[in-house]
Amino acid sequence: QVQLVESGGGLVQPGGSLRLSCAASGSIFSIYAMGWSRQAPGKQRELVAHITSAGSTNYADSVKGRFTISRDSAKNTVDLQMNSLKPEDTAVYYCNAAGSDYESRLFNSWGQGTQVTVSS
């Protein structure tokens, strides 16, 4: 079983910055990709940013140029640096990891979520 733990959420003023971190632990042989999604009240969960084991990244159009995803493959961690935050970025942010364990079983695990609130 693979567990993901997020940290770094909180309250920030518009234009401010936050850095979210996520650490994966458990029976991990390889992580193929990690990412961040978010869900605002009354809305569907949406992909924010995604990074593969090769380092390829993609971002939602709404965050391009403001958010940066990075990962440390040796530590099984992924970070999301969020700059120039807007009120519409307010949501619960979820970390996700997809990979395989030592018994060659695939996993797709999610963290419990961390609240990000952008408000003056």
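**Fold pattern.** I read the chain along its sequence and got the pattern β-β-β-β-β-β-β-β-β-β-β. My tally is zero helices and 11 strands. I took helices (H or I, at least four residues) and strands (E, at least two) as DSSP runs, numbered from the N terminus.

**Ground rules.** I am working on a predicted model, where local features need pLDDT of at least 70, side-chain atom pairs count only at pLDDT 80 or more, and totals for chains, interfaces and linings use all residues. Residues are numbered from 1 along each chain as its sequence is written, and side-chain values use heavy atoms, with hydrogens and water left out.

**Overall dimensions.** I looked up the extent of the C-alpha trace: about 50 × 25 × 25 Å along its principal axes. The radius of gyration of the chain is 14 Å, in agreement with the value near 14 Å for a compact globule of 120 residues. That radius is taken over C-alpha atoms, and the globule rule is 2.2 Å times the number of residues to the power 0.38.

**Burial and surface.** I find 43% of the 120 residues buried. Buried means under 20% relative accessible area, exposed over 50%, and partly exposed in between (1.4 Å probe, protein chains only). The chain exposes about 6300 Å², and carbon and sulfur atoms supply 48% of that area. These areas come from the Shrake-Rupley method with a 1.4 Å probe; for residues, only the protein chains shown count as cover.

**Contacts.** I then checked sequence separation. Among contacts in the chain with a separation of 6 or more, 56% come from residues 24 or more positions apart. Contact here means heavy atoms within 4.5 Å.

**Disulfide.** I searched for pairs of cysteine sulfur atoms within 2.5 Å, the cut-off for a disulfide. The count is one. The bond joins Cys-22 to Cys-95, with S to S at 2.1 Å. The angle about the S-S bond is -80°, so I note the link of Cys-22 and Cys-95 as left-handed. Cys-22 lies in strand S3 (residues 18-26) and Cys-95 in strand S9 (residues 91-100), so the pair ties together parts that are 73 residues apart in sequence. Cys-22 is buried at 2% relative accessibility. Cys-95 is buried at 0%.

**Strand S1.** I followed the side chains of S1 (residues 2-7). Val-2, Leu-4 and Glu-6 point to one face and are buried. S1 pairs with S3 in the antiparallel sense over six bridges. Two strands pair if DSSP finds at least two bridges between them. Cys-22 turns up again here, as the bridge partner of Glu-6 in S3.

**Ser-109.** I placed Ser-109 in strand S10 (residues 106-110). Ser-109 is buried, with a relative accessible area of 12%. Leaving out residues up to four places away in sequence, Ser-109 touches Val-2, Leu-4, Cys-95, Asn-96 and Ala-97. A polar atom of the Ser-109 side chain lies 3.4 Å from the backbone oxygen of Val-2.

**Positive phi.** I looked for this in residues other than glycine. Asn-76 has phi near 55°. Asn-76 sits in the loop between strand S7 (67-72) and strand S8 (77-82), and is buried at 19% relative accessible area. Ser-84 has a positive phi of about 50°. Ser-84 is in the loop between S8 and S9, and is partly exposed at 40%.

Notes: Polar contact = N/O pair within 3.5 Å; in protein donor to acceptor, adjacent residues only side chain to side chain.
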